[in-house]
Amino acid sequence: MKEGLRMPQEANTSNYVGSNGDNGYTLPLRLLDPAFYTSRPMREHFIRLRWPVDMIDTTAAPRLNAFVAGGPFDRAGRREIYLPNRDGGIFAKFFVKIHHPARRIVLGPSGQPQEDLASRVEYEAKNLRYWNLIGLPSPYFFELLREDVAVRGEEKPQEAFSLLMSHVSAPTHDLDIFMIDDKIAQYRNRLEDPFLDPAQKGHLPHYIQQLENEKDRIIESILRTQIRCQLLGTYHLKDIGKTLSLDPKRAEDPVAKELRAISYYLRVHHFYELVRAGKISVDTARQGVLLPEEETSFKMKEAAFLSALTPLFQYLYADTSLLRYIHGDEYLHHYAYKYRREGEALYRDLQLRREVPIHSVMFDATDACMGLPEFGLAKILLSYLVDYPPDKVDHIVSRCMGKLLPEMANSYERGQRPRIGISSLVPSFSRNEFVDRSAIAGIATLLRGVGLKGSDELFNHEHFDKFSVLRREYPMGESLVKFPEDVAPRLDISEKTTVSYAPYSSGQAFPRLYNRLYNHVQSFLHRSRSVTNPCKSLEEHVRTIDKLCSQYHFYP
């Protein structure tokens, strides 16, 4: 099937469902035409998925869910489409991700070259197709549709893009974590209630532990998906990737790229601190220009940080054969639970649902690239949404890279569809070196995270401020998290509650980021190493980073 199939037509905003074609949420009208879903390309997709094509109701128009709640990081419009079947039910649910030239969120002047919208979406579509073909846990990708639309302020029509995918009903994992943390807080408050009957308190510690276990299960599920990505994604570049003409992004000089990113986020954090101290206005910060004396001060700070970080990055990237195909945007909101086989969402009975295998699917292929898996681990395990202590992070890294990775590689090597030689993608590091490498990647990830949150505040404050007070609908009936007995069973699929986006707010995120960075650096420095350990010589550089973080307000 041809990538990005374009329907021959003149530029006409009436081909889109929406206000006037320039709000970034508009949808191609043909997606609401039953004939689109019985076209040859779509029928081929349904046959591949083993969906009974003859059950499609060709006389009824697909139903559009025009309000699909997005999160604070959404850069695209979102729609859901329900295709009816002949029995009056739903044949299939589709998710539409709309990249519209009028929908933009300011990201700040990173100094990095920005791809044009068409190139970015085409790259995403090709990677989504690749994910499906190599068997990565991800939504099924059907089509990339292109349309010319009118955009306010533009004389010529602009091109908009819609990615049509299968629908994933379960909440994203960041919402799962929010819900789990809310329930844990409620149970702990009840434990402190002096008026609550002791008999009623008896089950609460067990419920709390059960929820902590569920959080761990989510994290391990994500890490398993990451491992599948790095193994299958890298292995199949030589055959399936070549067939798709897939050329994953890769930096010519990864050390230089890392240093540029750190430099940018150091600068953003510097502006954020100046604004917070009342020394400059937000408008001045957005212009990105410092007074001469402030520029001199920043350059000294920048030079000191980069000098200490350079040997760390050089160590990580010394052997380019360690680069793997990775997701590249490994954050909790890009993952969600899903049944392992299509159609199993029909299991509504609680007992049956608990027995059906699930895994974490990943979304958004825009940043898929050749990189180091250690950074993906760090983004999840050191997230300010997951409050793991350093020793637990180290334990998970050791188990993930020292046990799960070789086990899964061996399984693929000897499975029903043998991937001969895939075990060669397992590095020969000791578990301790895996932990150290991930810790170094974690330091860089947290420094970038502090700067990124500063960027959100400077360039998108109103956007994030709006979300910080919102409560998002959480579909308990569709959640695949195993909640305690007083929450489950949930036999009503329509049951919903809400969770707060407050953990993403600067008031909660900054203290957590500062604490995570401090604890993570201290953990690295207090870990005992033999003189033969490659990271022994890097300790002095991490000590320098420790002093700089303390001096320049990166610590609590």
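Analyst: Strand 5 (residues 90-99) and strand 7 (residues 158-166) are joined by six bridges in the antiparallel sense, where strands are DSSP runs of E of at least two residues and helices are runs of H or I of at least four, numbered from the N terminus, and where two strands pair if DSSP finds at least two bridges between them. Within this pairing, Phe 95 has Met 165 of strand 7 as its bridge partner. This is a predicted model, in which local features need pLDDT of at least 70 and side-chain atom pairs count only at pLDDT 80 or more, while totals for chains, interfaces and linings use all residues. Residues are numbered from 1 along each chain as its sequence is written, and side-chain values use heavy atoms, with hydrogens and water left out.

The open sheet consists of five strands in the order 3-4-5-7-6, with antiparallel pairing. Its edges are strand 3 (63-65) and strand 6 (141-149), each of which pairs on one side only. Neighbouring strands of the sheet are turned against each other by 25 degrees on average, direction ignored; axes here are lines fitted to C-alpha atoms, for helices over the stretch in contact, and angles run from 0 to 180 degrees between N-to-C directions.

Helix 2 (residues 40-48) packs on this sheet and touches strand 5, strand 6 and strand 7, contact meaning heavy atoms within 4.5 Å; the direction of helix 2 makes about 155 degrees with that of strand 6. Helix 3 (residues 117-134) also packs on the sheet, touching strand 5, strand 6 and strand 7, and its direction makes about 15 degrees with that of strand 7.
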